[in-house]
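Please keep the structure in view while reading.

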Amino acid sequence: MGKSRISNNIRKLRFYHDEMTQEQLAAKVGVTRQTIIAIESAKYSPSLELAFRIALVFDSPLEEVFSYDPKDDPI
Amino acid sequence: MSYKEKNVAVSLVTFTLILGFYLVQVTRIVRGGGLSDNVFGLWATVVVLGIIATIILTIIAHIGFAIFEVIRTGDDDPKIDDSEDERDKLIDLRGTQVAYIVSSIGTLLAMLTFALGRSPYVMFSLLILSGLVAQVLGDIFRLVLYRRGF
């Protein structure tokens, strides 16, 4: 429980895309605004499909939207 | 707080009240002469209460949320997002897992009392208790996941 090990740039990308709101992004990818909030604050790791949908909205590759630091992984 | 989260909170309050009622009534029965046929009425009451209270409080919560949204937004027909996305489903699944584990342990303990020679009334009372506790703990776990993430 707690912080996800996958970080993201969604807040920054939303700002660069005409200051898209969380609600607008949520509607585009088919989730609730609370899920977008949880993803942005690293409280939830999205499924692969949702991650791709978010990347598609920003017309960016997945690695530019999400990043994973192996140093944070205890395994 | 999302709509689903509010529903979980309503469920938690409902079943906590029912659990409290059940514990008070069982304590009263035990002090009044022990468990016997008099618990059948209590079991039926708890089961019916659980079903009816859940339905009624869910409806009241729906109406309450709608009224709150009308007041908050000033819109006569507010859009309430009651959809269930992948995160809601995952949290619900995790909560159900916790509830099943607690319920299973409670069931085993209940059967153990019967195996050790206690009356079947004790076993059935513990079965009802474990079901209520499982529901409450499952809802608490869901709220923790909503707040703290996973």
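H1(B) gives the most to the lining of the second largest pocket, namely seven residues. The model is predicted, so that local features require pLDDT of at least 70 and side-chain atom pairs pLDDT 80 or more, whereas totals for chains, interfaces and linings use all residues. Residues are numbered from 1 along each chain as its sequence is written, chains are lettered from A in the order in which they are written, and side-chain values use heavy atoms, without hydrogens and water.

A pocket is here an open set of points on a 1 Å grid over the protein atoms alone, where a 1.4 Å probe fits, with protein on both sides within 12 Å along at least five of seven lines; lining residues have an atom within 4 Å of a point. The second largest pocket holds about 350 Å³ of space, a volume filled by probe spheres set on the points. Its lining comprises 20 residues, of which Asn7(B), Val8(B), Ser11(B), Asp92(B) and Asp139(B) are the closest to the centre. In chain B, helices H1 (3–31), H2 (39–73), H3 (86–115) and H4 (120–148) each supply at least two lining residues; helices are DSSP runs (H or I, at least four residues).

Attention now turns to the interface. Contact (heavy atoms within 4.5 Å) joins 14 residues of chain A to 16 residues of chain B. The buried area, meaning accessible area (1.4 Å probe) lost on putting the two parts together, summed over both, is about 1,300 Å², with 52% given by carbon and sulfur atoms. Zero salt bridges are found across this interface, a salt bridge being a side-chain nitrogen of Lys or Arg within 4 Å of a carboxyl oxygen of Asp or Glu.

The whole structure, over all chains, has seven salt bridges. One of them pairs Glu40(A) with Arg11(A), the closest N and O atoms lying 3.5 Å apart. This pair links helix H3 of chain A, which holds Glu40(A), to helix H1 (residues 10–16) of chain A, which holds Arg11(A), 29 residues apart.
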